[in-house]
Amino acid sequence: MKSFFNNLQKSKRGRTWHQHVVPYEEAWAVRREGNERITSKHRKQSTAIRKAKSLAKKYKSDVIIHRENGGIRDRISYGD
């Protein structure tokens, strides 16, 4: 039963709902892992992080926060 619920977190393609906070056109964006298109764009990184946390909590996934140079700064997990 537990594996059934864990599989619900992934789409039919096997992608996760992990949310990445990334630099985007002199601003910040939230992008779902595996997507080319952004979910939302924000002037401040803190606002993008708030949005990503909200989505990650909803889908019990992770937030991966990137630095301006693209490196990973932090990872926050909301999975069970």
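Predicted model: local features only at pLDDT ≥ 70, side-chain atom pairs only at ≥ 80, totals over all residues.

## Nonpolar core

The largest nonpolar core consists of ten residues, namely V21, W28, V30, A48, I49, A52, L55, A56, V63 and I65. In soluble globular proteins, nonpolar side chains tend to be buried together.

One of the core residues, L55, touches Q19, V30 and T39 once its neighbours within four places in sequence are set aside.

## Sheet

Five strands form an open sheet with mixed pairing, in the order β3-β2-β1-β4-β5. Because β3 (40–42) and β5 (72–77) each have a single partner strand, they stand at the edges, and one side of each is left without a neighbour in the sheet. On average, and with direction ignored, neighbouring strands of this sheet are turned by 20° against each other.

Strand β1 (residues 19–24) runs parallel to strand β4 (residues 62–66), the two being paired over three bridges; V21 has I65 as its bridge partner in β4, and both V21 and I65 belong to the largest nonpolar core.

## Salt bridges

Two salt bridges are found in the whole structure. In one, the closest N and O atoms of E25 and K41 are 3.3 Å apart; since E25 lies in the loop between β1 and β2 and K41 in strand β3, this pair ties together parts that are 16 residues apart in sequence. E25 counts as exposed, at 56% relative accessibility, whereas K41 is partly exposed, at 44%.

In the other, R75 and D62 bring their closest N and O atoms to 2.8 Å, and because R75 lies in strand β5 and D62 in strand β4, the pair links parts that are 13 residues apart in sequence. Here R75 is partly exposed, with a relative accessible area of 48%, while D62, at 10% relative accessibility, counts as buried.

Technical notes
Residues numbered from 1 in each chain as written. Heavy atoms only, no water. Pairing = 2+ DSSP bridges. Helix = DSSP H or I, 4+ residues; strand = E, 2+ residues; numbered from the N terminus. Axes fitted to C-alpha atoms, helices over the stretch in contact; angles between N-to-C directions. Core = buried A, V, L, I, M, F, W, Y, C linked by side-chain atoms within 4.5 Å. Buried < 20%, exposed > 50% of the residue type's maximum accessible area, 1.4 Å probe, protein only. Contact = heavy atoms within 4.5 Å. Salt bridge = Lys/Arg side-chain N within 4 Å of Asp/Glu carboxyl O.
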